[in-house]
Amino acid sequence: MATTDQDKRVALVTGASRGIGKAVAMRLAADGRHVVLVSRTEGPLSEVKALIEEAGGSASCKAADIGDGAAWQSAVEEVISDEGRLDILVNNAGITRDNLMLRMSDDEWQSVIDVNLRAAFIACRTAARSMMRGKFGRIVNIGSTSGVIGNSGQANYAAAKAGLIGMTKSIARELGGKGITANVIAPGFIQTDMTSNLPESVVETVRKSTACSRLGTVDDIAAAVSYVSSDGAGYLTGQTICVDGGLTMC
Ligand code: NDP
């Protein structure tokens with residue numbers, strides 16, 4: 001049976017202007033979703049939208065700073081009102097402000113918590129109402145192996161990513177009976193802007209510690225998000241899936 005535009009599931013992807021978020025957005029569009037692309041800057045989002053449309057998919061853009069809690073909540077509400085529904089939420093946007101714990105400022109701590117954890121909570125809380133109305137939802141929070149095993153210099157980032165895991169399990173328990181799943185995809189080291197400044201010695205150490213002997217690609221993560229956000233993944237919830245080439249195996 002042909003799918004009409006009305007049947008199309010709507011996915012919102014934060015941090016869709018580049019890196020993992022861009023690959024996830026393009027993959028979900030290829031899966032037949034209408035994708036709402038979010039980041040702070042309109043220009044790069046429009047370029048991703050054009051790429052999706054060239055490939056035969058559909059997308060729209062929403063410029064928003066997810067670190068501004070009240071503005072972010074309004075932006076998600078506007079998306080739901082404009083699109084009439086929200087079925088898939090991918091909280092992907094994230095930042096790092098690395099420093100050793102003894103030197104970490106309150107601002108370095110709080111900005112990472114606000115963007116990486118609080119923004120995901122606000123989006124989940126806002127999206128859940130729409131998902132409950134549709135009796136279907138897929139929440140995918142992009143964590144990190146740092147949130148599972150910790151990482152020196154990343155007390156703020158690891159706390160935010162570990163927080164995502166606890167939050168996701170709680171949401172999964174609260175909403176599982178309503179057709180809504182919530183999972184964390186925790187990438188290992190993936191080649192993006194975020195990791196482009198790592199010294200070659202660190203990259204080599206990561207490669208040696210990774211069973212697959214390579215850094216991951218953005219498409220490795222997009223493939224996992226595609227599955228957990230699919231209609232067929234309705235019995236998978238509350239999980240943290242480390243897509244890390246066998247770096248942690250936990
Ligand atoms: P990038 O730095 O390449 O991209 C980050 C994205 O987030 C951009 O689209 C950026 O857009 C957006 N963003 C950042 N701050 C905000 C904000 N305040 N409001 C709205 N959008 C924002 O990151 P990656 O693709 O590497 O990482 C994506 C996710 O994967 C993150 O959550 C990260 O923690 C996680 N991750 C990445 C790993 C890696 O090795 N790369 C490893 C483990 C986890 P703009 O600047 O235009 O707003």
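Mentor: Buried means under 20% relative accessible area, exposed means over 50%, and partly exposed is in between, with a 1.4 Å probe and protein chains only. This is a predicted model, in which local features need pLDDT of at least 70 and side-chain atom pairs count only at pLDDT 80 or more, while totals for chains, interfaces and linings use all residues. Residues are numbered from 1 along each chain as its sequence is written, and side-chain values use heavy atoms, with hydrogens and water left out.

Trainee: Why is C61 called partly exposed?

Mentor: C61 has a relative accessible area of 22%, and because partly exposed lies between the buried and exposed cut-offs, C61 counts as partly exposed. C61 belongs to strand β3 (residues 58-63), where strands are DSSP runs of E with at least two residues and helices are runs of H or I with at least four, numbered from the N terminus. Neighbours within four places in sequence aside, C61 is in contact (heavy atoms within 4.5 Å) with L37, E42, L45, S46 and K49.

Trainee: What makes S111 buried?

Mentor: The relative accessibility of S111 is 19%, so S111 counts as buried. S111 sits in helix α4 (residues 106-134), and, apart from neighbours within four places in sequence, S111 is in contact with I95 and R97.

Trainee: Why is α1 called oblique to α8?

Mentor: Helix α1 (residues 19-30) and helix α8 (residues 218-228) pack at an angle of about 50 degrees, their axes being 8 Å apart. That makes α1 oblique to α8, because angles under 35 degrees count as roughly parallel, over 145 as roughly antiparallel, 65 to 115 as roughly perpendicular, and the rest as oblique. Axes here are lines fitted to C-alpha atoms, for helices over the stretch in contact, and angles run from 0 to 180 degrees between N-to-C directions.

Trainee: Which residues of α1 and α8 meet?

Mentor: From α1 come G19, I20, A23, V24, R27 and L28, and these meet V218, D219, I221, A222, A223, V225 and S226 in α8. The residues of this contact divide into nine nonpolar, two polar and two charged. In α8, the buried residues are I221, A222, A224, V225, S226 and V228, and what covers them includes α1, β4 (88-91), β5 (137-142), β6 (180-187) and β7 (240-243).

Trainee: How do you know that the protein agrees with a compact globule?

Mentor: A compact globule with 250 residues would have a radius of gyration near 18 Å, and the protein has 17 Å, which agrees. The radius is taken over C-alpha atoms, and the globule rule is 2.2 Å times the number of residues to the power 0.38.

Terms used
Nonpolar A, V, L, I, M, F, W, Y, C, P; charged D, E, K, R; others polar.
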